[in-house]
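Thanks for making time this morning.

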Amino acid sequence: MRLTPRGLLAHGRTLPCSLGRGGIRADKREGDGATPAGLVAITGMLYRPDRIDARKLPRWASPIGPRDLWCDASGHRDYNQPVRAPFAASHERLHRADPLYDLVLTTDWNWPEADPGKGSAIFLHRWRRPGYPTEGCLAFAPEDLHWLALRVDPGTQILIPSLCGKYPRGKAAGRGGRQPPARRGPSMGPSRANP
């Protein structure tokens, strides 16, 4: 799969998506709101069993429970790892009141051996609305995310090129969001910061 100016190209379809408010960056840092450039792989699938029927998902999907969190404290030994409440260090709640994390595909960005400060919790999840930026994740319409979830496996790769000038910071790619402007200037090409 590959991110393009029109969206995520996957299995013959282009799925519109929203990107991080900080644009796409090869030098991703914790809290910058950027989507990391490079090659990432799907590592897992999480879902809310109170909102999604497990029978409609692949068998490798794991349920999200009320105590499930993701550590985003860059100096902590569990940085960029799933953790359980109670957990005192900075974290992101996976069991949310809103539907953003009803279905989540996790990636290997800065995982499993996390470099402090290099970014955490880079997921594929539902968007708030078309064109609304994320904190660095790729976000999709719920029906597109579910369609994608049925067609990926752990290890499926996504190429996120450094698209200088192709996307305004945080804008969506493809239909339903703001259309990216025409390309201005050279592309830096793909990079892989985390082999």
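Predicted model: local features only at pLDDT ≥ 70, side-chain atom pairs only at ≥ 80, totals over all residues.

Let me begin with Thr35, whose side chain reaches the backbone nitrogen of Gly20 at 2.7 Å, and also the backbone oxygen of Gly136 at 3.1 Å. Residues are numbered from 1 along each chain as its sequence is written, and side-chain values use heavy atoms, with hydrogens and water left out.

Thr35 belongs to strand β6, where a strand is a DSSP run of E with at least two residues, a helix is a run of H or I with at least four, and both are numbered from the N terminus. Its relative accessibility is 1%, so Thr35 counts as buried, a word that here means under 20% relative accessible area, with a 1.4 Å probe and protein chains only. Leaving aside neighbours within four places in sequence, Thr35 is in contact (heavy atoms within 4.5 Å) with residues including Leu19, Ile24, Cys137 and Ile160.

Pro36 is also placed in β6, which covers residues 35-36, and Pro36 is buried, with a relative accessible area of 0%. Among the residues that Pro36 touches, not counting those up to four places away in sequence, are Trp109, Ile122 and Ile160.

Let me turn now to β7. Eight of its ten residues are buried, so β7 is largely enclosed by the rest of the structure. Strands are taken to pair if DSSP finds at least two bridges between them. Four bridges join β7 to β15 in an antiparallel arrangement, with Ile160 as the bridge partner of Gly38, and five bridges join β7 to β12, again antiparallel. With strand β8, residues 62-63, β7 runs parallel through two bridges, and there Tyr47 stands opposite Pro63.

Finally, which residues touch the most other members of the largest nonpolar core? That core, meaning a set of buried Ala, Val, Leu, Ile, Met, Phe, Trp, Tyr and Cys residues joined through side-chain atoms within 4.5 Å, has 29 residues, and the ones in question are Leu103, Leu105, Leu124, Phe140 and Leu148. The elements giving two or more residues to this core include β7 (38-47), β12 (103-107) and α1 (142-149). Apart from this core lies another, of ten residues, among them Ile64, Leu94, Ala121 and Cys137.

Technical notes
Buried < 20%, exposed > 50% of the residue type's maximum accessible area, 1.4 Å probe, protein only. Polar contact = N/O pair within 3.5 Å; in protein donor to acceptor, adjacent residues only side chain to side chain.
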